[in-house]
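Q: I am new to this structure. Can you take me through its features, one at a time?

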Amino acid sequence: MILEAVLGVVISYLLGSIAFSIVIARWVKGIDIRQHGSGNAGATNTLRVLGKGPAVAVLLLDAAKGIAAVLIGRWLGGDHTEWVASLCGLAAVFGHNWPIWFRFKGGKGIATTVGVMATLAFVPSLLAGVLAILVIVLTRYVSVGSLVFALMTPFLILVIDQSMPLFWAGLVVALLAVVRHRKNLSNLIQGTENKLGAKKGVPHGKS
């Protein structure tokens, strides 16, 4: 079982390392998305640089690789399905954030996190997602909504599912989200964070 679990984690990391924002930006415009807009390899920056169509594609594909990683973990998990599925999901998020295929410079992993957590714990993720969407609608800060989703999910898992493997997985991805959004938090404090729909380059926060 240990060998299968390790194999699942490795496959999930490699899958997570496929940075669709980078791939699509190169395919559509022949550019490195990390050198444009906010510099982040994610759906929000893809929206700013390439528009709605490519951004939706990136969002769905990044979420899909999180879903696939959890399913791989469940397939290979044996008697420890929840733990292995959680580890595979975490590996996919790590892969997105630090992709081996793109010199370990990736995105912030929120779309992949959504795919992972929604597959591991659907109801807590749904509730956290609704709250996150409301925050984005009210504030127009995607970064704030992303952090709300990441931080609320493990709390809701603890309250609703009471599953420790899923709780620890949610807590780790929440901490990763905070680490990856530290620049956004600084920009929010300084009042320079980008709002959804703002003109490109004004201000210069990374989302």
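A: Start with a contact between two helices. Glu82, Trp83, Ser86, Leu90, Val93, Phe94 and Asn97 in α5 meet Pro165, Leu166, Trp168, Ala169, Val172, Val173, Leu176 and Arg180 in α9. Contact means heavy atoms within 4.5 Å. Helices are DSSP runs (H or I, at least four residues), numbered from the N terminus. The model is predicted: local features need pLDDT of at least 70, side-chain atom pairs count only at pLDDT 80 or more, and totals for chains, interfaces and linings use all residues. Residues are numbered from 1 along each chain as its sequence is written, and side-chain values use heavy atoms, with hydrogens and water left out.

Q: What describes two packed helices?
A: The angle between their axes and the distance between the axes. Here, α5 (residues 81-97) and α9 (residues 164-180) pack at about 10 degrees, with axes 9 Å apart. Axes are lines fitted to C-alpha atoms, for helices over the stretch in contact, and angles run from 0 to 180 degrees between N-to-C directions. The two helices are therefore roughly parallel (an angle under 35 degrees).

Q: What describes a pair of aromatic rings?
A: The distance of the centres and the angle of the planes. The whole structure has two such pairs. Rings of Phe, Tyr and Trp (its six-membered ring) pair if their centres lie within 6.5 Å; planes under 30 degrees apart count as stacked, over 60 as edge-to-face and the rest as tilted. Phe94 and Trp98 are tilted, at 5.6 Å and 35 degrees. Phe167 and Trp168 have centres 5.3 Å apart and planes at 65 degrees, so this pair is edge-to-face.

Q: Is Phe167 buried or exposed?
A: Phe167 is buried, at 13% relative accessible area. Trp168 is partly exposed, at 43%. Buried means under 20%, exposed over 50%, partly exposed in between (1.4 Å probe, protein chains only).

Q: Which charged end sits over the ring of Trp98?
A: That of Arg180, 5.0 Å from the ring centre. The test is NZ of Lys or CZ of Arg within 6 Å of the ring centre and within 35 degrees of the ring normal.

Q: Where is Ser17?
A: Ser17 lies in the loop between α1 (2-16) and α2 (20-29). Ser17 is buried, at 0% relative accessibility.

Methods: Parallel < 35°, antiparallel > 145°, perpendicular 65-115°, else oblique.
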